[in-house]
2 protein chains.
Amino acid sequence: MRTDYCGNIDSSYVGQEVTLCGWVNKRRDLGGLIFIDLRDREGIVQVVFDPDLPEVLEEANKLRSEFCVKLTGKVRARPEGQINDAMRTGAIEILGTGLEIFSKSAVLPLDWNQENSEEQRLRYRYLDLRRPLMSQRLKFRAQVTAAVRRYLEDDGFLDIETPILTKATPEGARDYLVPSRTHKGEFFALPQSPQLFKQLLMMSGMDRYYQIVKCFRDEDLRADRQPEFTQIDLETTFLDANGVMKITEGMIRDLFMKMLDVDLGDFPRMTYAEAMQRYGSDKPDLRNPLELVDVADLLKTVEFKVFSGPANDDKGRVAVIRVPGGASMSRKQIDEYTKFAGIYGAKGLAWIKINEKAQGQEGLQSPILKFLSEDITDAIIARTGAEQGDILLFGADSATVVTEAMGALRLKLGEDFELLEGEWKPLWVVDFPMFEEADGQMHALHHPFTAPRGVDAQELIDNPSEALSDAYDMVLNGVELGGGSVRIHDQQMQQAVFTVLGIDEEEAQNKFGFLLEALQFGAPPHAGLAFGLDRLVMLMTGATSIRDVMAFPKTTTAACPLTDAPSAANPQQLADLAIDVVKKSTD
Amino acid sequence: MRTDYCGNIDSSYVGQEVTLCGWVNKRRDLGGLIFIDLRDREGIVQVVFDPDLPEVLEEANKLRSEFCVKLTGKVRARPEGQINDAMRTGAIEILGTGLEIFSKSAVLPLDWNQENSEEQRLRYRYLDLRRPLMSQRLKFRAQVTAAVRRYLEDDGFLDIETPILTKATPEGARDYLVPSRTHKGEFFALPQSPQLFKQLLMMSGMDRYYQIVKCFRDEDLRADRQPEFTQIDLETTFLDANGVMKITEGMIRDLFMKMLDVDLGDFPRMTYAEAMQRYGSDKPDLRNPLELVDVADLLKTVEFKVFSGPANDDKGRVAVIRVPGGASMSRKQIDEYTKFAGIYGAKGLAWIKINEKAQGQEGLQSPILKFLSEDITDAIIARTGAEQGDILLFGADSATVVTEAMGALRLKLGEDFELLEGEWKPLWVVDFPMFEEADGQMHALHHPFTAPRGVDAQELIDNPSEALSDAYDMVLNGVELGGGSVRIHDQQMQQAVFTVLGIDEEEAQNKFGFLLEALQFGAPPHAGLAFGLDRLVMLMTGATSIRDVMAFPKTTTAACPLTDAPSAANPQQLADLAIDVVKKSTD
C-alpha cells in the first residue's frame, strides 16, 4: 500500500513521488494551506495540502488527530527558515496529491501532552504505545533480543523451549497454579524459571542451551515487580565459571556496542566480601565514588560506647563514609540522613565536619570530638582521605546493620550530592557464601543446585557457613543484570547441600526426585546464567520502570485494566476443573 | 575444557592433539585394546586405548556406557579397511593419551536398541534426548526458529512479547485458568493465541509484529495434540492478503532452501471451493494425483436410485475416483474401502473395473453395469480418463458426505497404491466462506475478526452464507502449516459479524469490548498469519508426532511423567487462592 515509512523520507527523496500510510499526529491550518504531521513507527513527516488541488484539500480538511490515512505526494525541499535539523525528515515536506482516509478517530482518552495515570495508560495501552517514546522502547527491546539471539546462536547455543505447564519449582517465591481438568484436583505450576529443565537438557547432551523465556512469580506487591517477566536464560556443558562469564560478558559488551555505541571494556571482578565491605552491597554501583571505610581498629579504646562497643564486638562494625563537599550539610539535612539510616536499623549517625584544612582537631566540628583524641581523628582523616569541606558520617552497630544502612546511605548521598562518575560501570561479583543463616536455619544464597568451590561433600557438611559457592552475578550501575553458577553434577554433593538446608530424604525426593535420579546417569559438569531482560532494557533505554519496556504489563495489583483480567470464571468451567471458589464470611 | 566437538574431527585433524568431552556411546575390547565410541551433540568419534600407555588403559578399563568423560588424544588415520565413509569422523580415530571420568552411569532404564514405551521415554526424557535422532531434531528445530527469526527481523518485523496471564480468548477451545491471589475468586486464562494483542499492537502502530510464542488449549485428548504448543505468529499493518502471503511464502521457501536444500518454487493458489470439489479437503495433499470427478449430470436419468437420487438433489453429489491399476482390487479389498468410506457416512461404494481397453461396455466389470447405458459409461470413462487396468469408485450421497468420504478415501488410496508423486507440494487455499452453518447457527470458519471480501456490513448481514472471507491457509503435503486473514478494522463491520454470529451487544462488550473500543481510534487496515511451529518441524524432520520435536512434551492425558506434573497442591496455597478442590461423591 505504501512505498516507504514516513520517518525515512529525507532530502535524497526530493522530486520523488511517495505513498505513505500512518496516523495524523498534528494538523495546522495556515493561510489556506493545511499542514499535517504524518506518523508511523519510523517517525514523522510533514505534509502540506494546498488549494491548487482543491479535491485533495477538501479531503484533507476532514482530517483530525489520529485519523489513519494513506497519502500520496511529491517530496520537496522545505523553504529556507523552516528546516528542522533535529528531525531526519526536517529538511523536506510532502505536497499531498492523493489522500485516502482508512479510519477516523474519536478524541483520544489520553492526553500525550500531560502526565496520564498509570491506570489510564494501561487501560488504553494501544494508544499509549503510539507515543514515539513508548514505541521506540518496544522497538529497542526487539533489537536487543534479536542481537542477543544472534550472538548466542553464532556461539553454538540452541534455542530450546521448556514447558510453561509444569511442576512447582523450588525458587522460593509463590507459584501460579493451573488446575488440571484431566487430572482433577491436581495442579500445574507456572515456572519461576526453567532451572531444572535446563539442567536436564545438559544431562541430555544438548551442550549449549538458551531461551528468552517468560517466568512467573506470584509475589507480594512491590513497586517494580511483574507477575510475568522475561529471562535470557542459558546453560552450558563442560564450561567452568570463567567460561560462562567470558561468553556472557562478551554478549553484553557486544550488545552495548551495537545498540548504544558504548564500549563497556573488561568487567572488573570483586568478591562478595569486598563488595559488602567497601560498598555495603552485593551489587555495588561503581559510578558512585563513596566507600565504606572501616575504622573499628582505631576506636577500640575510646570512651564513647557507641563506637567502642561495636569496635570490640566480633560481630560489630564501625565504618565511615566521607562525603566530599559534605561540610555544607545543615543540621536538618544531617537529621534527615540519620532518619534515613534508621530505616535500615541504624540507631544514630555520628559525624565530623572538616571546615578548614585540619591540623590536629583544629577546624573540625562534631558533637563527638570530645571523645576522640587527636591521634585518632588524625588517623581517621588520613585513612578516609578527608579534606577541607568534607563531612565524615559514622555507622557503628552490628556488622549487618552498619553494612546495610551505610550501603543504602552511600547510594542516597551519591545521588543527592551528584557524585556519580561515568555512564556505565559493570562488574562481576563472585565468591558468594553458599549459605546464609536466618532463624537458626541455613538457606541457599542462590539456589540449592549451586556448586560449592573447592570442598567435598563431607567438608561442606562439616563447615557450611564457611563455604563459598561457584556463583557469579553481573552488576551494572548498581543493578543485578544477571546471576548464575556452576551446578552440582554429583549426587553425593547434591545430597550434602540438601542435608545442610535441612531438606530430608522424603522432601528431596518429592521436590527434586527426578533431578537426583538424573545425576546417576553420567551427569556432565555444567554451568549457566540468567539475565533479567526487562531490567536490562529498562537500564539501556533509561526508562524508570520495567512496565515502560513491556507491551502489556500488569498493574501493581497484578491486573490488566485493558482486558479486565483476571475476571470471574463461568461455573461450568470451574465444575469441569473440579474446583470451587471459597467465599469468606467477611466477603 | 575441550578443544572441539567429537563429531567435528575429520581427516584434517590428523596429527593433532585434541581434548574432547562427551559420553561413552559404546565400548568394545579387542586384542588387548579398548575401543570407545565417544558421543557429543555434534556426533560420534572412535577412540582407541592401547597397552603402550598402561595407566590410561587402566582408567579406560573402568568405562561403561554413558559414563561422562574428558579425553585427550592424538588424531590418526584409521587403518585401511576400517574406514567408515558414512560418518564424518569415519576416516580417523583418536589414540587416547589422557582420560578423566566426570561421572559414572548406572545402566540406562531405556534400551535404545529397541522400541521404548512413550511413558518410559517421557519419564526419562533427558536420556531419550541423548539419542542422536532426538537431539538432532531439537537442534534442527532451533535452527528453524533461528532462520525464521532472521528472515522476519530482516524484513522489519519486531519481536514483541504478549501476556501469558490474560483473559479468556474467543478461539473456541477450553482455556486453562489461573486463579489470582490478589483478586480472589477471579482467574486469568492462558492464551489460546495472541490474536487480540497482536491486533492491538497494529492499532498502536507497531507496524510489523512477530513472536514465536507458546499457546494453550485445554482440549479433549486426541492423538497428536499438546496442551501447550508453539506458534510462529505475525501481524502486519497496511498489507493486504497478497502482501502477507508473499512474505510468509518467501519465509517458508527460504527455510526449506536453507535447511533441506529444497526449492519449493511458487506456491499455487486454489479456492476453497475448488479444493473441496477436486480433493474433498480444504488442505489437499497435491502429491496425491487422485481427484474427485463429478458425474451427477450424467446420471440424472438412470434407474439406479442410489445415483439418480443425489444426482437430482440440489444438495447431493455423485463423484468418481479413478484409481490407476485399481482393477486388480479383490472383492475383499473393495469391501474394506467400502467400510472405510462408511466411517465418513457413505452408505456404499459402487465401482466399475476396466479390465480391457473398453469399447462400449466390453471389458467393463461392475455389479451396476446393468443400470448404466453404454453412452453413460462411455461418458464417465472419457471424463475420468479411465484406462485398462483402472477401477472407478463412486460416491453418491449428500454433497457433504460424498466430499468428506471420497476426500478421505482419496488419501487412503493414494497411500495404499503408492501413488504419491514428488516430495513437497505446497499451496495456498483461499476464498473460504466467512461462515458455516451448524445446528441452525452461523459460526465463523476462521475467527470473528476475519474480514469479508468485497461486501459492506449490510450486505454481509443480508447474505452471510454467500460471503467469502479474506483468509488464506498455507498447506503442505496435506497438512495445514498456517492460516491467516485480513482483519476487520471497521467497527461497523465488526458489529455486523457479531450480529451474524448471534453475539449480542452485551456478550460482545463482555468478551471483546476493548477491541471494539480500540476500533474507534483510527484503526489501520491489518492482516496476519500464524504457523504451527511443532507441525512444521515435524514435517521437515520426518517425525511422526509433534511430541518427537518437543523437548519436554506431555502425554496424551496432559501429564508429565518426568516431573510428575500435575500434582496435588498444598492446602495453604489453595487457601491463599481462595479455592477448594471439589470432591465428587463418586471419587
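In this predicted model, 119 residues of chain A are in contact with 119 residues of chain B. Together the two chains bury about 10300 Å², and carbon and sulfur atoms account for 61% of that area.

On the side of chain A that touches chain B, helix H4 (residues 132-154) of chain A supplies the largest share, 11 residues. By class, that side of chain A has 62 nonpolar, 23 polar and 34 charged residues.

The two chains are also joined by strand pairing. Strand S23 (residues 579-581) of chain A pairs with strand S23 (residues 579-581) of chain B in the antiparallel sense, over 3 bridges. Within this pairing, A:Ile579 stands opposite B:Val581.

Attention may now turn to chain A itself. Its strands include 8 that form an open sheet of mixed pairing, in the order S6-S9-S10-S22-S21-S20-S17-S11. Strands S6 (158-159) and S11 (269-271) of chain A stand at the edges with a single partner strand each, so one side of each has no neighbour in the sheet. The partner S17 (residues 426-430) of chain A runs parallel to S11(A), joined to it by 3 bridges, and A:Thr271 stands opposite A:Val430.

Helix H15 (residues 533-541) of chain A lies across S9, S10, S20, S21 and S22 of chain A, running at about 110° to S10(A).

Definitions and conventions
Residues are numbered from 1 along each chain as its sequence is written. Chains are lettered from A and ligands numbered from 1 in the order in which they are written. This is a predicted model: local features need pLDDT of at least 70, side-chain atom pairs count only at pLDDT 80 or more; totals for chains, interfaces and linings use all residues. Side-chain values use heavy atoms; hydrogens and water are left out. Two strands pair if DSSP finds at least two bridges between them. Helices (H or I, at least four residues) and strands (E, at least two) are DSSP runs, numbered from the N terminus. Contact means heavy atoms within 4.5 Å. Axes are lines fitted to C-alpha atoms, for helices over the stretch in contact, and angles run from 0 to 180 degrees between N-to-C directions. Buried area is the accessible area (1.4 Å probe) that two parts lose on being put together, summed over both. Ala, Val, Leu, Ile, Met, Phe, Trp, Tyr, Cys and Pro count as nonpolar, Asp, Glu, Lys and Arg as charged, and the others, Gly among them, as polar.
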